[in-house]
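Me: I would like to learn how to read a sheet and its turns in a model like this one. Could you take me through it step by step?

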Amino acid sequence: TTMAIDITGMRRVVISDLTRPAYDRLPRDRQAEIRRRARAMADGKEPPEQDFGGGILRFLLRDNTQIYIEVLQDEIIIRHIV
């Protein structure tokens, strides 16, 4: 018999080089919110504001900051913060 492995809990959140300066300027609680919500969307537990297809999703923070993520099989990449 084979056992299915749930990889969703193992996905790491990666901040792209382009996005790193904007991410680093955010308070730690906002950084944590971005990571938490990105994981929730990647796992299908929270709907994105917009789904562009191909694993590219957009969601909004409380202050209308836009977060663009790319969901891959083994990681979630924060691509852009606007």
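**Reading the sheet and its loops**

Reply: Let us begin with a turn in this predicted model: in the hairpin formed by E2 and E3, two residues lie between the strands, and Gly-54 there has a positive phi near 65°.

Me: How many bridges join E2 to E3, and in which sense do they run?

Reply: Strands count as paired if at least two bridges are found between them. Here E2 and E3 run antiparallel and are joined by three bridges, and Gly-53 stands opposite Ile-56 in E3.

Me: In what order do the five strands form the sheet?

Reply: The order is E1-E5-E4-E3-E2, in an open sheet with mixed pairing. Strand E1 (12-15) and strand E2 (50-53) stand at the edges with a single partner strand each, so one side of each has no neighbour in the sheet. From one strand to the next, the twist averages 25°.

Me: What pairing do E4 and E5 show?

Reply: E4 pairs with strand E5 (residues 75-81) in the antiparallel sense, over five bridges, and Val-71 stands opposite Ile-76 in E5.

Me: Where is Asn-64 found, and is Asn-64 buried or exposed?

Reply: Asn-64 is in the loop that lies between strand E3 (56-60) and strand E4 (66-71). To judge exposure, we compare the relative accessible area with a cut-off, and exposed means over 50%. Asn-64 has 56% relative accessibility and therefore counts as exposed.

Terms used:
Residues numbered from 1 in each chain as written. Predicted model: local features only at pLDDT ≥ 70, side-chain atom pairs only at ≥ 80, totals over all residues. Heavy atoms only, no water. Helix = DSSP H or I, 4+ residues; strand = E, 2+ residues; numbered from the N terminus. Buried < 20%, exposed > 50% of the residue type's maximum accessible area, 1.4 Å probe, protein only. Axes fitted to C-alpha atoms, helices over the stretch in contact; angles between N-to-C directions.
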